[in-house]
Amino acid sequence: MAAPVQKGEELELRIDSLAYGGSGVARHDGFVVFVRGGLPGDRVRARVTKVKRGFAEAAADAVLEPGPNRVEAPCPHFGTCGGCRFQDLAYEAQISAKEQQVRDALVRIGRIAEPPLEPIVPAASQYGYRNKLEYSFAAGDEGVELGFHRAGRWDEVVGIDACLLTTDLGNAIRLAVRDWAREERLEAYDQGTGDGYLRHLVVREGRNTGQALVLLVTAPGERFETGYLVDVLRRFPEVRSIHWAVNDTPAERTNVTTTLLWGDEAIEEEILGLRFRLRPAAFLQTNTEMAERLYALARECAGLTGAENVFDLYCGTGTIALALAGGAASVWGVEISEESVACAVENAELNGIANARFYAGNVGQTLERLVEEAGRPDVVVVDPPRPGLAGKALRRTGGLGAARIVYVSCNPTTLASDVKVLRDEFGYALVRCRPVDMFPHTPHVESVSLLTRSS
Ligand SMILES: C[S@@+](CC[C@H](N)C(=O)[O-])C[C@H]1O[C@@H](n2cnc3c(N)ncnc32)[C@H](O)[C@@H]1O
């Protein structure tokens, strides 16, 4: 059927639900329209931005009648700042939409008529939950601004007074660096022209240790007195580690070589009683409280007795492997980033864990060699990025023959398609799936699933 809408057309639509990714779902003459800015129950006026064969996309211009779960967003930057999408949707409605998205993916893509879905684990804190934030500098009327990209724009930055997703400390450090930059009359880098100097500020906090790390990213050249920046930041006793990185490429990267300006090379975070070293660019789940819930669920699903050989694939800095090591005979981690693997090895030492080994490599290409060294696993934990078990990883993981696969996912659609292949080709049944809300007010949804071999 030809699409009954045209690009640029204005429509009045009733939003039925929230799709994975965060757009409202509406129907116009039976044709699906994904509406950015539309929340369940709203009647909106929306302009069509894209028309595809089976659906269209639109952006809401006006809410004509608000849905029952619309609330006042508490942050004054909401709507202009690109950081939060759903502060205006009651939290209960956010999590029930996320739970429904996981269910829909398992039914529609995974072809499981009645998925063994457990209730979503709500976030322990709806605000102030992030342990890391990365801010961008931009030119402003009173000197530089420091904040987040404007919603839908990569080339504009909204200066932030108080971000509700970080702590008072995180906000105070950002404002102190902004004021320092203004006082020093430093200019923001302009990605369009390549002119200017200040690019990003990264603030990381060990939320369970009270330690903070600050990384300033600039264009090339030493255009500031490093000692004065250190003095400004040392006014915060929590700041233990101050770094400076130079990005000489136009691309926005923070994983560039860093110079330690002052303090310890790394700070520490504590998760489930284990210490993890946080370097400027090392990966760590950005919500500490909920990482603890996520890993505890993974541990529960692994069902360890002390005798198992465990693989932790896509292991990052070794957090899940190390959380499981105490209950297993041995754990083996595989991770593509060499820097993360180095952190994982260091983290094992830091916690006195001797039965964990970590290897750098691509999961799809290293599993055969790993089996030669480690033997076959009893339990495999996977925690892949959004594309899921991509390339050869899916079938090689299925072919390992483990009794249990624990699948930690940040994308229910790839989870569902991977679960389907593991069932159809390798005889695994999905026996549990528990969504977890790690990131309130964003469209993200994580989950922990258990698959066992039924043949
Ligand atoms: C979602 S993170 C999980 C990290 C870890 N489990 C944690 O909770 O901190 C996914 C990790 O997979 C790694 N990765 C991405 N593609 C990979 C591949 N093909 N092979 C191995 N690791 C990969 C990334 O570098 C990243 O550290």
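Student: How many bridges join strand β3 to strand β5?
Tutor: Strand β3 (residues 31-36) is joined to strand β5 (residues 55-65) by 5 bridges, and the two run parallel. Strands here are DSSP E runs of at least two residues, helices are H or I runs of at least four, and both are numbered from the N terminus. Two strands pair if DSSP finds at least two bridges between them.

Student: What stands opposite Arg36?
Tutor: That's Ala59 in β5. Before we go on: this is a predicted model, where local features need pLDDT of at least 70, side-chain atom pairs count only at pLDDT 80 or more, and totals for chains, interfaces and linings use all residues. Residues are numbered from 1 along each chain as its sequence is written.

Student: Got it. What do the strands β1-β2-β3-β5-β4 close into?
Tutor: Those 5 strands, in that order, close into a barrel with mixed pairing. Neighbouring strands in this sheet are turned by 50° against each other on average, direction ignored. For such angles, axes are lines fitted to C-alpha atoms (for helices, over the stretch in contact), and the angles run from 0 to 180 degrees between N-to-C directions.

Student: Which way do β1 and β4 run, parallel or antiparallel?
Tutor: Antiparallel: 5 bridges join β1 (residues 10-18) to β4 (residues 43-51). In that pairing, Leu13 stands opposite Val44 in β4.

Student: And what do β1 and β2 form?
Tutor: A hairpin, with 5 residues between the two strands. In the turn, Gly21 has a positive phi of about 105°. β1 and β2 (residues 24-28) run antiparallel with 3 bridges, and Ile15 has Ala26 in β2 as its bridge partner.

Student: Where do side chains point in a strand?
Tutor: In a regular strand they alternate between the two faces of the sheet.

Student: New topic: what's the order of the strands in the open sheet?
Tutor: There are 7 strands, in the order β8-β7-β6-β9-β10-β11-β12, with mixed pairing. β8 (157-159) and β12 (258-263) are the edge strands, each pairing on one side only. On average, neighbours in this sheet are turned by 30° against each other, direction ignored.

Student: How do β7 and β8 pair?
Tutor: In the antiparallel sense, over 3 bridges, with β7 covering residues 143-149. His149 has Val157 in β8 as its bridge partner.

Student: Which helix packs on that sheet?
Tutor: Helix α3 (residues 226-233), which touches β10 (211-218), β11 (239-246) and β12. The direction of α3 makes about 145° with that of β11.

Student: How is the chain divided into domains?
Tutor: Into domain 1 (10-65), domain 2 (98-124 + 287-453) and domain 3 (132-278). Those bounds come from an automatic or database domain assignment.

Student: How many residues of domain 2 are in contact with domain 3?
Tutor: 14 residues of domain 2 are in contact with 9 of domain 3, where contact puts the C-beta atoms, placed from the backbone, within 7 Å. The largest share of the domain 2 side, 5 residues, comes from α4.

Student: Last one: which residues are closest to the ligand?
Tutor: Tyr314, Gly316, Ile336, Val363 and Asp383 are the closest of the 21 residues that surround the ligand. A residue counts as near if its C-beta atom, placed from the backbone, lies within 6 Å of the molecule. α5, β16 (330-335) and α7 (363-374) each supply at least two residues of that shell.

Technical notes. Two residues are in contact if their C-beta atoms, placed from the backbone, lie within 7 Å.
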